[in-house]
Amino acid sequence: MTQDTHRNRARTIRQHIVDLLSEDEMSARELSQAIGIREKEVYDHLSHIARSAAAQRKRLIVQPSRCLMCGYVFEDRKRLTRPGRCPRCKRSHLQEPTYRVS
Ligand SMILES: [Zn+2]
């Protein structure tokens, strides 16, 4: 694949993600299934979208991950990926973060 083809493909995938997230909030896992790319790639695209959305007067809204055991909310988390376990109760039964573009 040439550089250009690769770039175009990335842009197409990002546009697809933006379209989906403009309709409904979704987790990275749901996006990876809907688009057919790996979850790790979804995070790469999401961070790009977070940086570039402002140019289209849009923004990526992150609904933070939450602990299903004690209710801890990962509000201050800067990274887009989902956390491994809860810092308060140390369990790993966590609600995935979801994303939306608006
Ligand atoms: Zn917890």
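This is a short tour of the model, one selection at a time.

**Before you start**

You are looking at a predicted model, where local features need pLDDT of at least 70 and side-chain atom pairs count only at pLDDT 80 or more, while totals for chains, interfaces and linings use all residues. Residue numbers start from 1 along each chain, following the sequence as written.

**The whole chain**

Show everything as a cartoon and you will find three helices and five strands. Here helices (H or I, at least four residues) and strands (E, at least two) are DSSP runs, numbered from the N terminus. Along the principal axes, the C-alpha atoms fill a box of roughly 50 × 30 × 20 Å.

Now colour by burial. A residue is buried if 20 or more other C-beta atoms lie within 10 Å of its own, exposed if 12 or fewer, and partly exposed in between, with C-beta atoms placed from the backbone. Of the 102 residues in the protein, 15% are buried. Contacts are worth a look too: two residues are in contact if their C-beta atoms, placed from the backbone, lie within 7 Å. Among contacts with a separation of 6 or more, 50% come from residues 24 or more positions apart.

**Select β5, residues 98-101**

Y99 and V101 form the covered face of β5, whereas T98 and R100 belong to the uncovered one.

Strand β1 (residues 26-27) pairs with β5 in the antiparallel sense over two bridges. Zoom in on M26, and you will find Y99 of β5 opposite. Strand β2 (residues 60-63) also runs antiparallel to β5, joined to that strand by four bridges. Pick L60 there, and its bridge partner in β5 is V101.

**Select A34**

Move to helix α2 (residues 28-35), where A34 sits. Is A34 buried, exposed or partly exposed? A34 counts as partly exposed because it has 13 C-beta neighbours inside 10 Å.

**Select K90**

Your last stop is the loop between β3 (66-67) and β4 (94-95), which holds K90. K90 has 10 C-beta neighbours inside 10 Å, so this residue counts as exposed. Draw a distance from K90 to M69, 21 residues apart along the chain, and their C-alpha atoms are separated by 9.6 Å.

Notes. Two strands pair if DSSP finds at least two bridges between them.
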